Amino acid sequence: MPYTHFLKKHPTRFIFPYANAILRASVEKGSPQKSLMDYSTMLHFTAFCPDHRTYALLLRACLKCSDIYAAMQIHSHLTKIGLSNQDIIAPLLRLYIDHDRMMEARGLFFPMLEWSTDPFHGNLMLTGFLKGRQLDKAYQIFKRMPVKDLVSWNSMIAGAVRSSHLKDAMNLFSRLVNSPLVPDGFSFSSVLSACARAGARSYGVWVHQLMDELGAEKNHILVSALIDMYAKCGRIDVSVEIFNTVKRNHVSTWNTMIGSLAAHGLGSDVVILFRRMEHAGVVPDGVTFVALLTACSHCGMVEEARQYFEAMTMKYHITPKVEHYGAMVDTLSRAGLLDEAYNLVSSMAVKPDAVIWRALLSACRRYHQTKFGDVTIEQIACQGSGDYTLLSNIYSSINRWDDSEEVWKERKKGKVRKIKGLSWVELGGSTHEFKAGDRSHPDSDDIYRVLHGLSEKAKVEGYTPSIELVTKDVSPEEREQNLSFHSEKLAVAYSVLKTGPGTEIFVSKNLQTCGDCHEWIKIISKVLCRVIIMRDRVRFHRFESGCCSCKDYW
């Protein structure tokens with residue numbers, strides 16, 4: 001007869017001396033729930049008096065069966081009786097972290113620092129906060145940790161990148177390098193991702209040099225990170241050079257190179273590279289075809305896109321996902337094949353997402369098509385400011401000012417905040433950011449002086465402001481004024497102010513550049529005899545001698 005059944009039949013006869021042994025046996029034999037039930041039985045039917053070993057066993061049982069509520073009851077009881085030690089706190093801390101109860105976990109963690117310098121529990125805390133994108137709270141833990149190991153630093157760097165705190169990620173990496181610890185592959189891949197997203201070329205080059213100095217093993221993850229960093233910092237030539245000098249036996253390396261060429265609008269190079277990939281015996285995956293179809297959309301290669309889409313399903317037996325349909329719809333939409341694009345959306349095997357509808361909406365704006373504009377905006381479940389801007393642009397481009405104004409009223413009614421355009425340049429190891437009409441920069445007077453001079457020279461070369469892009473029914477002069485101080489123009493003017501003749505200019509922007517700025521920069525590249533590279537939200541534009549690498553197809 002089991003002990004607990006015996007106790008229920010003879011409840012008051014025994015003071016039970018072997019309780020902890022019984023609880024331990026259940027935990028170690030993989031029956032944590034039984035140990036919790038046995039504890040309840042012994043507590044009610046014997047003169048059993050639990051000690052700290054009992055609670056440690058119970059919390060181990062809670063941890064094994066992930067019973068957070070039983071653990072909270074035990075924690076509450078322990079708080080009342082004032083019992084606390086390492087064996088009790090450690091499993092309780094882990095349980096709170098596993099169940100995203102980070103404030104309770106923090107309350108346990110800080111007292112632990114008085115008797116433990118082991119970074120293990122601190123690293124668990126970092127993981128918990130960073131999983132919830134609470135970078136500030138993770139940093140509070142990080143600062144209080146008496147000992148930080150490489151896991152601690154890597155967690156913070158990766159967390160900063162995921163939270164888009166790219167400068168913080170690079171600063172943390174610099175501090176890691178200055179510590180006694182040596183960065184590993186995870187450290188390098190995370191910081192290279194930060195450099196890529198920020199367009200921080202100088203810092204990325206330094207990281208690459210450090211990798212070589214430390215003899216870091218360049219596996220496919222690090223090689224892909226390097227290719228991606230150089231490509232997103234405007235040096236696609238270096239990306240190609242790295243790709244051609246490393247082992248290419250992993251599909252992710254090929255995918256990164258194909259995606260990088262696609263972002264730079266090098267469609268013919270993508271086609272050639274894919275043939276090399278097939279010839280090398282590397283089997284493409286779904287990511288490969290997203291990159292291929294994206295390249296087709298950027299370069300107007302409609303027929304090639306159709307062939308890739310068919311090969312994906314028929315030759316490689318890859319079921320199209322929403323990203324593949326999205327790239328295909330984008331290809332057709334950009335080419336002006338709106339009816340075919342809409343029919344594809346209507347016949348998709350998966351539910352179209354907002355990205356697909358936005359591709360169609362963007363094409364409606366480009367081709368002044370109101371036919372699908374209203375239908376498309378209704379299909380986007382949660383409209384962002386960009387969606388309202390596109391629809392407003394469609395109406396204003398055909399002088400339907402009342403409808404354009406009504407769109408903005410709807411946006412305000414829905415309390416949708418407009419995402420402001422932001423452009424930035426990296427010069428002298430520092431990043432300089434600009435918003436439209438921005439005068440916060442210390443060199444603002446000189447920037448606007450240079451910008452005025454550049455615009456006058458551009459007009460002499462034939463530049464005419466695209467005032468039709470302004471969505472408000474105002475005078476031509478006011479529309480031109482609205483276009484004059486866009487963030488990318490300020491960034492170019494600052495680069496001209498601070499660099500010498502012939503220096504390549506690299507500008508990043510958080511949104512897609514507008515047609516007016518695109519035309520303006522084209523002419524400025526001719527006026528200054530300079531290469532200007534613009535990285536916007538969608539792709540790269542390389543301006544040289546009055547032409548753009550996109551061939552005005554974007």
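This is a predicted model: local features need pLDDT of at least 70, side-chain atom pairs count only at pLDDT 80 or more; totals for chains, interfaces and linings use all residues.

Trainee: At what angle do α10 and α12 cross?

Mentor: Axes are lines fitted to C-alpha atoms, for helices over the stretch in contact, and angles run from 0 to 180 degrees between N-to-C directions. Helices here are DSSP runs (H or I, at least four residues), as are strands (E, at least two), numbered from the N terminus. The axes of α10 (residues 150-162) and α12 (residues 185-198) cross at roughly 20 degrees and come within 9 Å. That makes α10 roughly parallel to α12 (angles under 35 degrees count as roughly parallel).

Trainee: Which residues of α10 make the contact?

Mentor: Contact means heavy atoms within 4.5 Å. On α10, Leu150, Asn154, Ile157, Ala158 and Val161 take part, and their partners on α12 include Phe186, Val191 and Arg197. An α-helix has 3.6 residues a turn, so residues three or four places apart point the same way.

Trainee: Where do α4 and α6 meet?

Mentor: On α4, the residues include Tyr55, Leu59 and Leu63, while those on α6 include Ile88, Leu92 and Leu95. The axes of α4 (residues 52-65) and α6 (residues 86-98) come within 8 Å and cross at roughly 20 degrees. α4 and α6 are therefore roughly parallel to each other.

Trainee: Which residues of α14 are buried?

Mentor: Buried means under 20% relative accessible area (1.4 Å probe, protein chains only). In α14 the buried residues are Leu222, Val223, Ser224, Ala225, Leu226, Ile227, Met229, Tyr230 and Ala231. They pack against α12, α13 (201-214), α15 (236-244), α16 (251-263) and β5 (540-544).

Trainee: Is His518 buried or exposed?

Mentor: His518 counts as buried, because its relative accessibility is 2%. This residue is found in helix α29 (residues 515-528). Not counting residues up to four places away in sequence, His518 touches Thr513, His541, Phe543, Cys548, Cys550, Asp552 and Trp554. His518 and Glu488 are 30 residues apart in sequence, with their C-alpha atoms 9.4 Å apart in space.

Notes. Residues are numbered from 1 along each chain as its sequence is written. Side-chain values use heavy atoms; hydrogens and water are left out. Angles under 35 degrees count as roughly parallel, over 145 as roughly antiparallel, 65 to 115 as roughly perpendicular and the rest as oblique. Buried means under 20% relative accessible area, exposed over 50%, partly exposed in between (1.4 Å probe, protein chains only).
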